[in-house]
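Please keep the sequence and the model in view while reading.

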Amino acid sequence: MPTKTRWAILGLGRIAHKFATDLVTLPNADLVAVASTDQGRADEFAAHYSRPDGTLPRALGTYEALLALADDIDVVYIATRHVYHRANTLLCLNGGLAVLCEKPFGMDIGDVNQMLGVAEARQTFLMEALWSRFMPTIQQAKKWIDEGAIGQVLTVKADFGFKAEYDPGKRLFNKELGGGSLLDIGIYPLFISYLINGMPASIVASATLAPTGADEQCGMVLTYSNGAMAILNSTFMANTENVALIYGTEGTIRIHGRFHESTVVTLEKPDTEPLTHTYDRTTFGYDYEAQHVMDCLNDGFTESPLWSHTDSRNLMTLLDDVRRAAGIIYE
């Protein structure tokens, strides 16, 4: 593998810009190509990101054009809308390209199983871009829990909400584009509960549906075989604290807002001063997952040891279970 990991980006929206901005801060990353369904959009995107040698990434007007450059690309970051993740990932995998695909990995477990099945059969690297898993704050919270710093975990409380203007044609409320709060932001509270407690024994969920049928908000209560619980919420109807609280028999861990990208995490224990760790950064935070992907590729891994194929399957299973329990239906 070359000294620098050669990246391409497929799908050139807002998240792709954030990812690219962070990627070019990594000295061992080289953004060599960007692909859109519109040549003008690709040209405009590429113009923002000079490569180390001063040239611009190749700007491609079709996704398929990436396949012709497969020998010059080590990994593709897919940043399209939810409903296109499966097709875009399969295009790249079948073209011999490693993939980092944005969350949610697919629209349901069928999508995810197909994507992972192809990656596993081809022995090609594939990872869901659940960037929160690689944030230092969440790594630290997990370390404290594993060390027993708060004793037995009793309750996880996590929310993610912002007030969105209702527009039935835009992605957030359009079911044809995978809209709804659960898949867009509810995945983060579900993720943190899964990371800490694993798979639940039971799920109760309820949703408020927009006129389009997409969920405007979703509430979830997960109960685990050891008696622990998770109380989770996602909403497009209000600005919430976006905090994750992990209550244990001997203390509490607070991942400050917005917890999925937080720079501050605090350990609170009775009769002692709170212990706060702050991880300042100048990036959006996508560089952590990008560096992890490059480490995996350099080590010859076909899946991440921190966010494995099993983890992605389990998280999508949880999303499917919540949707069924809450009456959220996608055509």
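The bend at a residue is the angle between two fitted axes, one for the seven residues ending there and one for the seven starting there. The model discussed here is predicted. With that definition in hand, the briefing turns to one helix, then to charged pairs, a surface patch and the cysteines.

**Helix H6**

- Helix H6 covers residues 181-197, which amounts to 17 residues.
- From its first C-alpha to its last, H6 reaches 22 Å, close to the 24 Å expected at 1.5 Å a residue.
- At Ile187 the helix H6 bends by about 50°, and a proline, Pro189, follows within four residues.
- Is H6 largely enclosed by the rest of the structure, or largely open? It is largely enclosed, because 17 of its 17 residues are buried.
- Just after H6 comes Gly198, which takes a positive phi of about 75°.

**Salt bridges**

- Side chains of opposite charge can pair when their charged atoms come close.
- The structure holds 12 salt bridges, and three of these pairs are described below.

*Arg171 and Asp184*

- The side chains of Arg171 and Asp184 form a salt bridge, with a distance of 2.6 Å from N to O.
- Arg171 belongs to the loop between strand E7 (153-161) and H6, whereas Asp184 belongs to helix H6 itself, so the pair ties together parts that are 13 residues apart in sequence.
- Arg171 counts as partly exposed because its relative accessibility is 24%, while Asp184, with a relative accessible area of 10%, is buried.

*Arg254 and Glu268*

- Arg254 and Glu268 also meet through their side chains in a salt bridge, at 3.0 Å from N to O.
- Since Arg254 lies in strand E12 (residues 251-255) and Glu268 in strand E13 (residues 264-268), this pair ties together parts that are 14 residues apart in sequence.
- Arg254 is partly exposed, with a relative accessible area of 28%, and Glu268 counts as partly exposed at 26% relative accessibility.

*Arg324 and Asp321*

- A salt bridge joins the side chains of Arg324 and Asp321, at 2.6 Å from N to O.
- Both Arg324 and Asp321 lie in helix H8 (residues 309-326), where they are three residues apart, about one turn of the helix.
- Arg324 is exposed, with a relative accessible area of 59%, whereas Asp321 counts as partly exposed at 28%.

**A nonpolar surface patch**

- Which residues make the nonpolar surface patch of about 300 Å²? The patch is made by Val204, Val221, Met229 and Ile231.
- One of these residues, Ile231, lies in strand E10 (residues 229-235).
- Ile231 has a relative accessible area of 40% and is therefore partly exposed.

**Cysteines**

- How many disulfides are there? The count comes to zero, where a disulfide requires a pair of cysteine sulfur atoms within 2.5 Å.
- Cys296 counts as buried, because its relative accessibility is 2%.
- Cys218 likewise counts as buried, at 1% relative accessibility.

Key. Residues numbered from 1 in each chain as written. Predicted model: local features only at pLDDT ≥ 70, side-chain atom pairs only at ≥ 80, totals over all residues. Heavy atoms only, no water. Helix = DSSP H or I, 4+ residues; strand = E, 2+ residues; numbered from the N terminus. Expected span 1.5 Å × (residues − 1). Buried < 20%, exposed > 50% of the residue type's maximum accessible area, 1.4 Å probe, protein only. Patch = residues over 30% accessible without salt bridge, like charges linked within 9 Å, V, L, I, M, F, W, Y side chains within 5 Å. Areas by Shrake-Rupley, 256 points an atom, 1.4 Å probe, with all protein chains shown as cover. Salt bridge = Lys/Arg side-chain N within 4 Å of Asp/Glu carboxyl O.
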